[in-house]
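User: I am new to this structure. Can you show me how to read its helices and its core?
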Amino acid sequence: MSMREFCIIFDLVMAFIFFLIGIWFYKSNGKAANFLTGYNMKSAEERKKYDEKKMCKDYGKRIMLWPIPFVIGAVIDYAFPMKGMLIAWIIWAVMLILLLIERNKRER
């Protein structure tokens, strides 16, 4: 397997995994809230302040956007192996940081 093929396959597998996780969060009816860092450590009293179903749907929608950089990365990897994968991870990291910043503001 060439480096180009590896990068393309890796990007597409990551896109598929993130899409499945997003769907799982979206359809979990609030059950996936326990997998959110920090939320699972809140007391039952604090958890009552949140709409877990809505929260999981919101996170699911955001996570379902995370495959986009990896699909774009796979396209770039076709012409420039490794560059697309690197770009995809950088964009994904920025998307994750923006999500964490938004979450921090929302929970204050």
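Analyst: Start with what counts as a helix. Helices are DSSP runs of H or I with at least four residues, numbered from the N terminus. Keep in mind that this is a predicted model. Now a case: Arg103 lies in helix α5.

User: Is Arg103 buried or exposed?

Analyst: Buried means under 20% relative accessible area. Arg103 has a relative accessible area of 12%, so it is buried.

User: Which residues is Arg103 in contact with, leaving aside neighbours within four places in sequence?

Analyst: Those residues are Leu36, Thr37, Gly38, Tyr39 and Tyr59. With Tyr59 there is also a polar contact between the side chains, at 3.4 Å.

User: Which residues of α3 are buried?

Analyst: Here is the general idea. An α-helix has 3.6 residues a turn, so residues three or four places apart point the same way. In α3 the buried residues are Met55, Cys56, Tyr59, Gly60 and Ile63. They sit on the same side of α3, because they cover an arc of only 135 degrees around its axis.

User: What do the buried residues of α3 pack against?

Analyst: They pack against α1, α4 (67-79) and α5. Take Met55: beyond its neighbours within four places in sequence, it is in contact with Ala33, Leu36 and Tyr39.

User: How many residues are in the largest nonpolar core?

Analyst: It has 17 residues. Phe18, Phe25, Leu36, Met55, Tyr59, Trp66 and Phe70 touch the most other members. At least two residues of this core come from each of α1 (3-26), α3 (52-63) and α5 (83-106).

Key: Residues are numbered from 1 along each chain as its sequence is written. This is a predicted model: local features need pLDDT of at least 70, side-chain atom pairs count only at pLDDT 80 or more; totals for chains, interfaces and linings use all residues. Side-chain values use heavy atoms; hydrogens and water are left out. A nonpolar core is a set of buried Ala, Val, Leu, Ile, Met, Phe, Trp, Tyr and Cys residues joined through side-chain atoms within 4.5 Å. Buried means under 20% relative accessible area, exposed over 50%, partly exposed in between (1.4 Å probe, protein chains only). Contact means heavy atoms within 4.5 Å. The arc is that of the directions from the helix axis to the C-beta atoms. A polar contact is a pair of N or O atoms within 3.5 Å; within protein, one must be able to donate a hydrogen and the other to accept it, and residues adjacent in sequence count only if both atoms are side-chain atoms.
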